[in-house]
Structures are given as structure tokens and as C-alpha cells.
Amino acid sequence: MKIKPFFSFAAFALAVMFAISCAAPVPEPEPEPETDPETETEPETDPTPPADTVKLVDLKGTVPVTENWVYTDRPAITIRVENPNKVAVKATAMMRITTDFKKELMTVEKEMEVPAEGTLDIPITTDEDLAPGFYKASCFVNKKSARRFFFGINPTEIVSEPDMLPDFNEFWDAAKAQLESIEMAPNLIEVTKKSSDKCKVYLVEFASVPDGPEGDSVIVRGYYLEPQDGKPHPVIMHFMGYDTPGTFVSCPGANGGDYAEFYLSHRGQYINRAPADKRGDGLDMDFTSEYGDWFAFNFGYRDGYYYRGAFMDCVQAVRFMATRPTSDMNNLFAEGASQGGALTYAVAALSDYTFAAIAPCVAFLGDYPDYFAIVDWPGNTAKDSWKKYVAAHPGLTDEDMYKFLSYFDTKNLATRITCPVIASSCLQDGTCPPHTNLAPYNNLKVTDKQIWFYPELQHQIPSEWPGRYMSFFKNHMK
């Protein structure tokens, strides 16, 4: 192969081209066009830098109440997101749902863009219906907590099956028979500093059943408000919540003379354990209590348990009111909150007199098996007390504990109630959770009943509750 001539010609051509390029003159640069400083403008730019180049402030998430946080089938939660940034920001709204028994259920997410310096409501729900019950929602925005709260799904359809034993009614009939054998012997002491011309206020003492089938009767006390016009008046029974020893016990002042009222301090609580300087009645009388922790008193001993006696104290208080000439027993009402709500259910179930209506608020003592699984107290007290009882009675099980408690469960007592009921429940209540409030309510056989939910409240009496139940009472007067 001959390649030399080709190589010589290529080298020659390159040499010629190099010589020409070196000889060519360099052109002068063209002058830039002149500009008028009066009319010159800066090029248009976006003053807001891209979001990924800016340090963003965290979005703020809140969860407003919708539909009282009580829904049909599925929750309809709104997560409200505030964006303080000058750019639009994507928000991931997340809701984690657990049951009130602390079982993880599901997590729901939704992503939306929140406008710059704006607010966006992100609706969030589940893809499937939830069973009747109460649930905890933990809501987040971009993994930052927005709010945690409980909500309800068809709460009046929750099933808390009654679990009374065959001798349930026989047990309470025997307790009432024992009460009947006790001479009440009421003693009335006027609280003159609280009385008025229209209504006198009395500290009342009377005897109730002993703490067991035998023994000495127990003296219990209460404040009685008696109208002074000599005519019969509607009767309102007031029952108290779980007492805290050492606190001040207030004495009610006279009412306007329209109602005969009784504020009961059942055994060991309130007046019955308060010295004179811890009461508002001004009477120079000291009282003490030896019951200790009431829920634990005689725990396991069915015929001597604290609430057997306390329930009979309520029945005896109604019997006392029936002895007063100013009491219209055809218009008999009862109300109470927490422990007082449980006593309200109990007295309506056990009293000799038919109530016109009752108003239990955030009621205690409902559905013990579920109650103990949802919150710690009083389950921890019950289990500790049961261990002591079992030590003296070997062979008993937790199932036996629940059989014992079934006699004092408001869900079972509710089956005996025949009067109209207005009830209330606070959804964020960690003492008497809404599930336990619904247990007796859902087992009522009456059709004239209503329950009011307070979505943001905890274990407390709603400020509007007295006005609501009094309106209900007035609508049921005969």
C-alpha cells in the first residue's frame, strides 16, 4: 500500500492554511449601542426566590371541632393549616386512629399545597366505616403534632351487654328490706345563717343500713331546703361526686321557695367526715370518717361493700323527703355528676318512689370490665383490693371479681329504670370515659331519653348543664 504521497500533500495543505491565518488582520470590535439613561430599565426578575432556596418556617396545624366530634359511620376531621411563609408550601396532613382501648387501628394521610401566607382546611376521613365506639385521633402536619383528642362513632349503638347474675334483683330487694327495718329517726338542725323567709335550710341526720347484713346502723347527713309556704313542691335530689378528704364542704343557701331540695352526703363522705371549720353551715359539730378509700372498702364482700350501703343511703334520703309535707313526690327528680351520676342511676333503679326524670352527668361506675381496660383508676385500686381479698379466699379469679362488681354496675341497674333521662358525657374525660357513660345510658329501656356530648371538656360539669337539666325537669312536671 502506498501512503507517502497522501501524507506529503496533507502536510503541504496544512502549512498553507496556517500561513494564511497568520497573515489575516484582526477586526476591530464593534462599538456597543448607546443607551438613554432616562429610558433604561432593569431586566424583569421574580423577587421571590424558589421555595427550595428559602429556610421555611414550620406550618401550624390546628383541629377545630366539627359535629361535636360525634359522627355517623366515619369521622369528618378538619386539619387547619396556617402557612406563615411567603411561598406556597406542601402540607402532609396525617391522622392516626386508635381505639379507646389503645389498639392501633389505622393511619390516614392527605397532601395539599397551602398558599403563601394563607390558611387551608384539609378534610380527612377514613376509607371505611368505623364500628360504634370512641376513638383517639392523633393529628399531625408535616410530622408535627397538631392535636390529640377522642371522638365518637354512633355512640348510642355501643353494646355494653348487661352481666347481672340471676340473683341480682333478689340481692337488692334484700338490701331494701334491711333498710325498711331501720328506724330512720331523722334529726333536723336549722342552719339559720343560710335560711330565708321563703326557704329554711337544715342539716339533717338519719340512720341507714349497717356495713353488712348485721351491725349498727350508719348515720348519714345532708342539707335539706324546705319551702315555707306550706304547699307541696317538686322534689330535687342532689348526689355528690367522689369526695376528697380535707376539702371545704359548702352548705347551699336558701332557694326561692319553688323546690324542696336535698343534698345528700352519703356514708363517710362530705359532711360525714368534715369538722366544723371545714363546712359552710356554721354549726359547731365535728364529724369523722373511718372508711378510708371508699371504692376499696370491703371490696369483694358483696353484702358489706361500700356501694351497697351508699346506694341504700340514697334510697333512705328519698324516703326522708316523702315524710315532709312540702314534698310533692309525684314530681320527684334527681341529678348528680361523676359518683353523683352513678348514685342518680342507682336511686332511680332502687327507690320505692317513681322518679319523674333524672339527670346523670359524666356518670361513674359503668361497665367495669371495659372501664378497667380503658383507664387506670379505679381498676388499679380494684385489682390491688382483690388480691388482698383472694389471699383470704383462695381459688378466686378475676372473673369472680367482675361477678362481684356486677351488682354495683350502673349498666345493670339501668335496666330497672322507667323514668325519662337526660345525660351528659365529656369526650376528653380520663376519669369516667365516655364509653362508661354510655354503658348505663344504652341499657335504659325507656324511649324518653337524650344524651349531650361536650367534645372538648374533660371530667367536669359543663357550665350550661344545670340550666339544661332544669329545663328537662320542668318539661316533665305533672
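Analyst: The structure holds 44 aromatic pairs; rings of Phe, Tyr and Trp (its six-membered ring) pair if their centres lie within 6.5 Å, and planes under 30 degrees apart count as stacked, over 60 as edge-to-face and the rest as tilted. A pair of aromatic rings is described by the distance of the centres and the angle of the planes. One of the pairs joins Trp-69 and Phe-149, which are stacked at 4.0 Å centre to centre with 15° between the planes. This pair links distant parts of the chain, 80 residues apart: Trp-69 lies in the loop between β1 (60-62) and β2 (70-71), and Phe-149 in strand β8 (residues 144-153). This is a predicted model, in which local features need pLDDT of at least 70 and side-chain atom pairs count only at pLDDT 80 or more, while totals for chains, interfaces and linings use all residues. Residues are numbered from 1 along each chain as its sequence is written, and side-chain values use heavy atoms, with hydrogens and water left out.

User: Are Trp-69 and Phe-149 buried or exposed?

Analyst: Buried means under 20% relative accessible area, exposed over 50%, and partly exposed in between (1.4 Å probe, protein chains only). Trp-69 counts as buried because its relative accessibility is 1%, and Phe-149 is likewise buried at 1%. Across the protein, buried residues make up 51% of the 478 residues.

User: Which charged residues lie over the rings of Tyr-441 and Trp-452?

Analyst: A charge sits over a ring if NZ of Lys or CZ of Arg is within 6 Å of the ring centre and within 35 degrees of the ring normal. Over the ring of Tyr-441 sits the charged end of Lys-449, 4.6 Å from the centre. Arg-468 lies over the face of Trp-452, 3.4 Å from the ring centre.

User: How many helices and strands does the protein have?

Analyst: Helices (H or I, at least four residues) and strands (E, at least two) are DSSP runs, numbered from the N terminus. The protein has ten helices and 17 strands.

User: Which strands are joined to β10 by bridges?

Analyst: Strands of a sheet pair through backbone hydrogen bonds, either parallel or antiparallel. Two strands pair if DSSP finds at least two bridges between them. Strand β9 (residues 187-190) is joined to β10 by four bridges and runs antiparallel to it; here Leu-188 has Val-204 of β10 as its bridge partner. Ten bridges join β10 to strand β11 (residues 218-227), also antiparallel, and Leu-203 is partnered by Tyr-223 in β11. Strand β10 (residues 199-208) is largely enclosed by the rest of the structure because nine of its ten residues are buried.

User: What is the order of the strands in the open sheet of three?

Analyst: The order is β1-β3-β6, with antiparallel pairing. Strands β1 and β6 (119-124) are the edges, each pairing on one side only. Three bridges join β1 to strand β3 (residues 77-82), and Lys-60 stands opposite Glu-82 in β3.

User: Which residues is Ser-327 in contact with, leaving aside its neighbours within four places in sequence?

Analyst: Contact means heavy atoms within 4.5 Å. Ser-327, which belongs to strand β14 (residues 327-337), is in contact with Pro-232, His-233, Val-235, Ala-260 and Met-321, apart from those neighbours. Ser-327 is buried, with a relative accessible area of 12%. For the protein, residues 24 or more positions apart account for 73% of the contacts with a separation of 6 or more.
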